[in-house]
There are 4 protein chains.
Amino acid sequence: KKRKFEKSRMAKSRYEYVKQFEDADQIPLNVWFVCRIDGRSFHKFTSTHNFQHPNDRNGLDLMNQAAFRVCQEFPDICVSIGMSDEFSFVFRRETKVHKRRRSKIMSSVVSLFSSTYVYLWPKFFPNTELQYAPSFDGRIVCYPTDSNIRDYLSWRQVDCHINNLYNTAFWTLVDKGKMSNRDAEEELRGTDSAMKNELLFGRFGINYNGEDAMFRKGSIIFRKIDDSSSKKNKKKLVVVHEDIIRNKFWTENPGLIPVPI
Amino acid sequence: KKRKFEKSRMAKSRYEYVKQFEDADQIPLNVWFVCRIDGRSFHKFTSTHNFQHPNDRNGLDLMNQAAFRVCQEFPDICVSIGMSDEFSFVFRRETKVHKRRRSKIMSSVVSLFSSTYVYLWPKFFPNTELQYAPSFDGRIVCYPTDSNIRDYLSWRQVDCHINNLYNTAFWTLVDKGKMSNRDAEEELRGTDSAMKNELLFGRFGINYNGEDAMFRKGSIIFRKIDDSSSKKNKKKLVVVHEDIIRNKFWTENPGLIPVPI
Amino acid sequence: KKRKFEKSRMAKSRYEYVKQFEDADQIPLNVWFVCRIDGRSFHKFTSTHNFQHPNDRNGLDLMNQAAFRVCQEFPDICVSIGMSDEFSFVFRRETKVHKRRRSKIMSSVVSLFSSTYVYLWPKFFPNTELQYAPSFDGRIVCYPTDSNIRDYLSWRQVDCHINNLYNTAFWTLVDKGKMSNRDAEEELRGTDSAMKNELLFGRFGINYNGEDAMFRKGSIIFRKIDDSSSKKNKKKLVVVHEDIIRNKFWTENPGLIPVPI
Amino acid sequence: KKRKFEKSRMAKSRYEYVKQFEDADQIPLNVWFVCRIDGRSFHKFTSTHNFQHPNDRNGLDLMNQAAFRVCQEFPDICVSIGMSDEFSFVFRRETKVHKRRRSKIMSSVVSLFSSTYVYLWPKFFPNTELQYAPSFDGRIVCYPTDSNIRDYLSWRQVDCHINNLYNTAFWTLVDKGKMSNRDAEEELRGTDSAMKNELLFGRFGINYNGEDAMFRKGSIIFRKIDDSSSKKNKKKLVVVHEDIIRNKFWTENPGLIPVPI
């Protein structure tokens, strides 16, 4: 590790002025912000590693564990939601982590998630050798009001639902219906949610609402208050698969995002 | 992998407006920019994994390979320099990669570096189990002129020299001189480069300039023209440990950063 | 006025690429923002034009009229507060004016204010020739919550009070107390509001609360609902000098900034 | 003018935190930047005040004098070019004016220009009463290289030429050719520069190159070295109407923008 304490004459070389070119990139005060990461070229990655369709349980569990690690590292992450190859981390309005420097926060999150994903791979895929290191991109988006950040989270959960319903129908048509990919795509074109539900149930006896909640709702990570705990800090980081669109979740878990009166 | 082609009515839900809150974060046109990554809490990481002082060759080789992978992925990285737990990637002025979106570029680089570092760990440390996943932070800094970006690179190489000379002297005093850390620190306080060179040579017979160039100059990665190659693309990504402060390197390797006339 | 409709070959000259260097400077969505302007070198300006101490009524009336003109031009200015040589214009959260482009909004406001100030000068100072054109600087600051923007306005009104109380005491000591500027300054050093009130009343029989509300509270410009109006649009731009720190003003004038329940 | 020296307890009120919401908006180091101002709704303004077509000499002289005043106030403006209702002010790479704060610089320039325009109006339009105060918007654009900033200036001068040639032809057709606006527009559709020159000369005997240089080239303001001056500072702010696209101007006036070797 480099030593920083010696500032010799040479250190203050004529080149050091270049440090001044770094720009301030502070996130505005008193706004919620989301750091969202997305897998890069994960279509290729999941196919290389033979992920199951439409959902690979081990793959999602690995995503959740990497996200869990990020939430441990950053106590100011209030709540997170993940699905497929993406995860969104919501930081509290008031956080002062890394002086709210955007690049510092964003890079630290995406880096820790990425390295942890590879680190934990053998635990979730003991029989599948990792062929190459995957990567994720990241972005930070700010939301001024409680209502806006709730809508962001709802957006992701609705998206999860839509994509999963589509994918479930698609792969059922392909796997059980013996259709080609193209025919399955054609079959689903223009169908709404009700029609897809009907198709699954009518033709294949599948009750979509009986599918695993992790697939339908995504994974929510947050610090849940455990009143039965004898510890001083009764908050415990948990992964759940609940509806976060309605007020119920937020009322039952106070201290996350204020529920409108 | 999620499917994007179905845009049902529900997808255009009332929550989708939140997408508009993403801000444009385009890097200004026609400027050089550096993406620099730095190890987070690497003092603890290197000590947990028993890295050698003052330089751990395997540790540096692993850094170089992770950086090499990043340079393969981003052809518009013109030149990189690394040392200790940091690496700087210089993108060409003209690059259009990811539409010059700052977050996208920065997160992709730091993510790929981080995941590759863990992925390649067993190759460089076959007998040392990785105890946990390390992480890196990143930043992007822009430089408008050729002279500014050259000065940036010179700054990093001067810093490498200063830190390595100090660390070499310090650990020689501790390891061969049997001094305590505190005494060694005291001994070096206020010494300039000449005095440290003299100390190493006079007391321990060590010629600092005989130390490994990788330790003294850092590692430079770039696409070198190989005229002897029979391939159409005669450029080959290489790692060298040369002086990049003087014009010589840049004159011998045209096409990287223009040398002033 | 230049014609824009002819785009000949030459217009698409090789120079036109420079347009792409303009950066997006959109104000974040759904935040309140203030455009505040401040007189540049107004100490010199007011002394050159013999403004009265501690307040020049004509000078303030002129400021108010220039601000009034700005509020007419920008219907999305929700409320404004001015005092001394400054004015703050609060734009509604939802405004789409000039696509929320920061520079465009800020420059238009400061320009119109400045030109109107000079244009109206003779009306307010019929016997004082304007010696030179004054100028103002401007800035835009964003506030995410209703509470933040209320606090901004309260901050300005508190500042108005503090400065005016000080200035009233200072100039009373100088003008009526026949003190030198330095002695008056010395006399007031370390005094709090109560002491200044007492000084004014005890020594000079001046009841500070009897001073003109415009001096004590600043000037507030907003669209007031006039229920007695027979017009369709019952809102009328008015200038008042009321307390805007307490909820009363906001409750009596709904539709400006929501009052917490 | 408000007094700033008294910071009483109340001044540090609980509202003062709002100051922290101001963001850093520093212009990047070592880049050229242009502050360009444009008349807002000048079509209406010029028609209200009966400006002559296609160029109103007094109107342009007034623009030039307002710009001259701005250049006096900001010694770090290296060169300016104006035409029609716009003016571009180029600041030197190295300028430290207002700590390179974007809003401060931009607002000060546009404000001083606007107030001066109104202030000087009676001097240039002694017989035309100003009906209302006009306003200008402004923007700042950064350019990293000498070549980029030269191209910016060339772009404006080419634009001036194109617009003026078009307008000259258009108004000649209308005024001397007795055409309707629509017919004149139709006549010119699709014509290139040569055709417009020919039209002017062939039909009306007008040699376009004989038109006033101010109309054809715009107005350039800069500090010219006057070697014959006996003053210590031999630089004098001048307004010229020369070609600034070719190197000649820049070679003859060294110290403005470096000419490529």
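This is a predicted model: local features need pLDDT of at least 70, side-chain atom pairs count only at pLDDT 80 or more; totals for chains, interfaces and linings use all residues.
**View 1. Chain C turned onto chain A.**

**View 2. Where chain C touches chain A.** Here the contact takes 7 residues from chain C and 7 residues from chain A. Between them the two chains bury about 460 Å², 60% of it on carbon and sulfur atoms (buried area: accessible area, 1.4 Å probe, that two parts lose on being put together, summed over both). C:Asn30, C:Pro144 and C:Thr145 supply 64% of what chain C buries against chain A, more than any other three residues.

**View 3. Chain D against chain C.** This contact draws 79 residues from chain D and 79 residues from chain C. About 6800 Å² is buried between them, with 54% of it on carbon and sulfur atoms. The rule finds 10 salt bridges across this interface. Zoom in on C:Arg102 and D:Asp23: they form a salt bridge, with their closest N and O atoms 3.8 Å apart.

**View 4. Inside the second largest pocket.** Its volume is about 890 Å³ (the space filled by probe spheres set on grid points joined across faces, edges and corners). A pocket is an open set of points on a 1 Å grid over the protein atoms alone, where a 1.4 Å probe fits, with protein on both sides within 12 Å along at least five of seven lines; lining residues have an atom within 4 Å of a point. Of the 31 lining residues, B:Asp146, B:Ile261, D:Asp146, D:Pro260 and D:Ile261 are the closest to the centre. Helix 4 (146–175) of chain B and helix 4 (146–175) of chain D are the elements that give two or more residues (helices: DSSP runs of H or I, at least four residues, numbered from the N terminus). Helix 4 of chain D gives the largest share, 5 residues. By class, the lining has 12 nonpolar, 7 polar and 12 charged residues (nonpolar: Ala, Val, Leu, Ile, Met, Phe, Trp, Tyr, Cys and Pro; charged: Asp, Glu, Lys and Arg; polar: the others, Gly among them).

**Notes.** Residues are numbered from 1 along each chain as its sequence is written, and chains are lettered from A and ligands numbered from 1 in the order in which they are written. Local features need pLDDT of at least 70 and side-chain atom pairs count only at pLDDT 80 or more, while totals for chains, interfaces and linings use all residues; side-chain values use heavy atoms, with hydrogens and water left out.

Terms used:
Contact means heavy atoms within 4.5 Å. A salt bridge is a side-chain nitrogen of Lys or Arg within 4 Å of a carboxyl oxygen of Asp or Glu.
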